[in-house]
Amino acid sequence: MSYTDHYGLSAEPFALTPDPRFWFESATHKKAMSYLGYGLRQAEGFVVVTGEIGAGKTTLVGLLIERLDPARFALVKLVSTQVDGDDLLRLAAQGFDLPTQGVAKAQLLDRIERYLVDRAREGRKTVLIVDEAQNLPTSALEELRMLSNFQSSGRALLQILLLGQPEFQERLSSSAFEQLRQRVIATHHLEAMGADEIRPYLEHRLSVAGWTGHPQIDEAAAHALYTASGGIPRRINQLMTRTLLLGAVEATDMVDAALVARVVDDLGKDEKSIVGAPTSVAPRLDANGAGVRADVERGFTDEARMSDHEARIRLLENQIEAQDVALRRVLTLMIDWVERDEVQAKDFARARPA
């Protein structure tokens, strides 16, 4: 039995895959959506949203795409890798469903411009969303700036939304990007959620998945999750998935700080078992959810440690996914075994003489 079955949930409320259905409007996410709305009303230039890994950038954009009327907006999303300017142009053209094979750059730009003009004549705004923008080389960012120059009747034909990690803001602040920076009409950095937002966040996501108060979540557990995650949504989801799984295994009806502490401690042990992994910084928590390693708590806000911490989070997420796959395989084998025994028992009963 999965934890969703044990707790009567219709879906996994803390899956790591972004899902706009579970959107929670924290203070920073509400502000980000306001900036996006303002940028779309301006219908020109660049809108920049940055945030740590797991802060909710992809979920934010997913919700934006879901909310926008396709009759008014033509949306194209690119997840960038380290491609140069010409390759980025071809990716954008492919997103617009334009042929690119064997097409010279000048002809490709002409096709893109005609596509944008056609959408404008239909009364639709074209929005290009580029994720992982921190990976783009200078040549690709320059091509994006050139695309933003396309106009018709004095109005911009293309608006560009750039999503990236915090270092992207640092790149934009350099003198090399002065012209692009002048085209940025709105920018927002997604902060971590505050301690007072964690419990509402948990209850919201659980409610979307059909939660009716089982299990209960006490305030100390929410504080423990905040301490262990630094308020980053993806880290909270990771911890809560493990916590609910442990709660289901032990048939508990209460998620408290002690249960969270056991999960955090297990994650720390898992992390240490990874070959070559840095020393774990997962905090040990007492029964009231208070951290007992002050240096670890400082690590969540210490920028010098952040890159290593993010790398460890990625390693742990990969490990959890592998464990989930293994668990599903074991459960499938167990079900097959039980069903096979039941079939054999029925066959035996039919074969017995009257």
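Where does Leu9 lie? Select it and look: Leu9 is in the loop between α1 and α2. Keep in mind throughout that this is a predicted model.

**Stop 1: Leu9**

Show the surface around Leu9. Its relative accessible area is 9%, so Leu9 is buried. Now display its surroundings. Setting aside residues up to four places away in sequence, Leu9 touches Tyr3, Thr4, Leu206, Ala209, Gly210 and Trp211. Pick Trp211 from that group. Leu9 and Trp211 are 202 residues apart along the chain, yet their C-alpha atoms are separated by 5.9 Å.

**Stop 2: Phe24 and Tyr201**

Turn to the aromatic rings. The structure holds two aromatic pairs. Start with Phe24 and Tyr201. Their ring centres are 5.6 Å apart and their planes meet at 80°, so this pair is edge-to-face. Phe24 lies in the loop between α1 (3-6) and α2 (27-42), while Tyr201 lies in helix α9 (residues 198-208), so the pair ties together parts that are 177 residues apart in sequence. Are these two residues buried or exposed? Phe24 is buried, and Tyr201 is buried as well.

**Stop 3: Phe96 and Tyr115**

Next, select Phe96 and Tyr115. These two form a stacked aromatic pair, with 4.5 Å from centre to centre and 20° between the planes. Phe96 sits in the loop between α4 and α5, and Tyr115 in helix α5; they are 19 residues apart. Both residues are buried.

**Stop 4: Arg119**

The charged end of Arg119 sits over the ring of Tyr115, 4.6 Å from the ring's centre. Arg119 lies in helix α5 (residues 105-121). Why does this arginine count as buried? Its relative accessibility is 13%, and the buried class covers values under 20%. Leaving out residues up to four places away in sequence, Arg119 touches Ala74, Arg124 and Thr126.

**Stop 5: Strand β3**

Select strand β3, residues 125-131. How many of its seven residues are buried? Six are, and the strand is mostly covered.

Now colour the strands on either side. Strand β2 (residues 73-79) runs parallel to β3, and seven bridges join the two. Strand β6 (residues 158-164) also runs parallel to β3, joined to it by five bridges. In β6, Leu161 stands opposite Ile129.

**Stop 6: The nonpolar cores**

In soluble globular proteins, nonpolar side chains tend to be buried together. Here, the largest nonpolar core has 35 residues. Which members touch the most others? Select Phe96, Ile112, Leu116, Leu128, Leu136, Leu144 and Leu162. At least two core residues each come from β1 (46-51), β2, α4 (85-95), α5, β3, α6 (138-147), β6 and α7 (166-172). Helix α5 gives the largest share, five residues.

Zoom in on Leu144. Apart from its neighbours within four places in sequence, Leu144 is in contact with Phe46, Leu88, Leu128, Val130, Leu136, Ile160 and Leu162.

One last selection brings you back to the start. A second, separate core holds 33 residues, including Leu9, Leu202, Leu246 and Ala248.

Methods: Residues numbered from 1 in each chain as written. Predicted model: local features only at pLDDT ≥ 70, side-chain atom pairs only at ≥ 80, totals over all residues. Heavy atoms only, no water. Buried < 20%, exposed > 50% of the residue type's maximum accessible area, 1.4 Å probe, protein only. Helix = DSSP H or I, 4+ residues; strand = E, 2+ residues; numbered from the N terminus. Pairing = 2+ DSSP bridges. Contact = heavy atoms within 4.5 Å. Core = buried A, V, L, I, M, F, W, Y, C linked by side-chain atoms within 4.5 Å. Phe/Tyr/Trp six-rings, centres within 6.5 Å; stacked < 30°, edge-to-face > 60°. Lys NZ or Arg CZ within 6 Å of the ring centre and 35° of its normal.
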